[in-house]
Amino acid sequence: MLLISSPRFQEHTPPPGHPERPERADVFDQVAAEWRDNGGRVVEPRPATRDELLRVHDAAHVRAIEEMNGRAARLDADTFTSPESVEIALLAAGAAVQAAEHALDTGETAFALVRPPGHHAERDRAMGFCLFNNVAVAAAAALARGRSRVAVVDIDVHHGNGTQWMFYSDPRVLYVSTHQFPFYPGTGAADETGAGAGEGFTFNLPLAAGATDSDYAIASAAVALRLEQYAPELLLISAGYDAHEDDPLASMRVTTGGYRAILASLRAVAARIGCPIAVVTEGGYDLDALRACLRATLEVLTEI
Ligand SMILES: [Zn+2]
C-alpha cells in the first residue's frame, strides 16, 4: 500500500464554517504520520498536467479555474477558492493519477488522501466543493495507458454526478454509486444507466435516508456481482466517508465497522478478479469519523 498525501492540502481554505475545512487535512496528516511511523510509504503528490485535466474537463473550465489562482472566489453556492486553492486542486487531481498509475504499474494498492474532493465537478464547471474531478482524471489516465475496463465505485453518501456524466456514454468506464436518494445533487436515480455505447455501464444504487450497515451490505453484494461481470483492469474507489452515522451533512447510519465491511467486500472482489485498487478520498465531514474510517480503510486494504 502506497499513501499519497501532503500537508499542503491544508492550504485550500473555504470561508469559516464551511464543512470541507482545512482540519480535514490535519486528519490526513495524522493518519499519514501513523502510517509512516509503522514503516509504511508516503509520497508527496505532483500537480496534474493540463493534458490530464483536458481528458475529462473542457478547456474553458480548466482556464476558468486557472484564472482563480491567487484569488478568493465563490464558484457556486457552496464552492469556494482561496489564494492557494488552484495549486492544491491540481495536487489533488495529480495525486489521484499517481494512485492509479502506481496501482497499474505495481499491482499494489494506492491511496490518495486529498482535498478538495472531486466527484461533483463536471466537464464544464466546479460544483459541490469540487474544482476538478480527481477520480475521473485518474480513470482517464488509465484509459490513456490503454486500459479499456476501468471501474469507479463511489461510496460517498452523495451521488457523483460529475463522474457519472463524464463517462455516461463510455463503456470503458463502469460507474457504480451507492448514495442517499433523494439528496444532493439530485442525480443518481436507478434508471440512470448510461447512454449509447455506455448503456448498462452506469449502475446507481440509491438508498433511502437512514440506511444502515445491513442495507449497505445488501448493496455491496450487488456491487460485487456487477464488478465480477465487468472484470475491470483497475478498480478506483471514490472514498467518501459521509455516509457515517456521525456525519453532519447526511442522514445515513453506517458505522466505522460498516465502512470496514464495504471496503472488505470491494477488496475481496478485486482479489477474485485480480485487479489492482486505487482509492481517492471524497467527502467525510466529522473529523473523528473520518479519522476512524481512514484507519479502517488502510487496515482492510493491507490485510493479506
Ligand atoms: Zn459527499
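Reader: To begin with, in which helix is glutamate 87 found?

Author: Glutamate 87 belongs to helix H4, which covers residues 85-106. Please bear in mind that this is a predicted model.

Reader: Is glutamate 87 buried, exposed or partly exposed, and why?

Author: Its relative accessibility is 33%, and glutamate 87 therefore counts as partly exposed. Buried would mean under 20%, and exposed over 50%.

Reader: How far is its C-alpha atom from that of proline 47?

Author: The C-alpha atoms of glutamate 87 and proline 47 are separated by 7.5 Å, although the two residues are 40 apart along the chain.

Reader: Turning to contacts across the chain, what share joins residues at least 24 apart?

Author: Taking contacts between residues at least 6 apart in sequence, 76% join residues at least 24 apart.

Reader: Which residues of H5 are the buried ones?

Author: They are Asn134, Val135, Ala136, Val137, Ala138, Ala139, Ala140, Ala141, Ala142 and Leu143.

Reader: And what follows H5?

Author: Glycine 146 follows H5, and this glycine has a positive phi, near 90°.

Reader: Now the strands, please. How do S3 and S4 pair?

Author: Strand S3, residues 73-76, and strand S4, residues 79-81, pair in the antiparallel sense over 3 bridges. A hairpin of 2 residues joins S3 to S4.

Reader: Which residue in S4 does aspartate 76 stand opposite?

Author: Aspartate 76 stands opposite threonine 79.

Reader: Stepping back, how many helices and strands does the protein chain have?

Author: The secondary structure of the protein chain amounts to 9 helices and 10 strands.

Reader: Why does its radius of gyration agree with a compact globule?

Author: A compact globule of 304 residues would have a radius of gyration near 19 Å, and the protein chain has 17 Å, which agrees. Along the principal axes, the C-alpha trace spans about 45 × 45 × 40 Å.

Reader: What percentage of the residues counts as buried?

Author: Of the 304 residues, 58% count as buried. The protein chain exposes about 10900 Å², of which carbon and sulfur atoms supply 52%.

Reader: Lastly, how many positive and negative charges are there?

Author: The protein chain has 25 positive and 41 negative charges, and their mean positions are 4 Å apart.

Conventions
Residues numbered from 1 in each chain as written. Predicted model: local features only at pLDDT ≥ 70, side-chain atom pairs only at ≥ 80, totals over all residues. Heavy atoms only, no water. Helix = DSSP H or I, 4+ residues; strand = E, 2+ residues; numbered from the N terminus. Rg over C-alpha atoms; globule rule 2.2 N^0.38 Å. Buried < 20%, exposed > 50% of the residue type's maximum accessible area, 1.4 Å probe, protein only. Contact = heavy atoms within 4.5 Å. Areas by Shrake-Rupley, 256 points an atom, 1.4 Å probe, with all protein chains shown as cover. Lys, Arg positive; Asp, Glu negative; His and termini not counted. Charge placed at Lys NZ, Arg CZ, Asp CG, Glu CD. Pairing = 2+ DSSP bridges.
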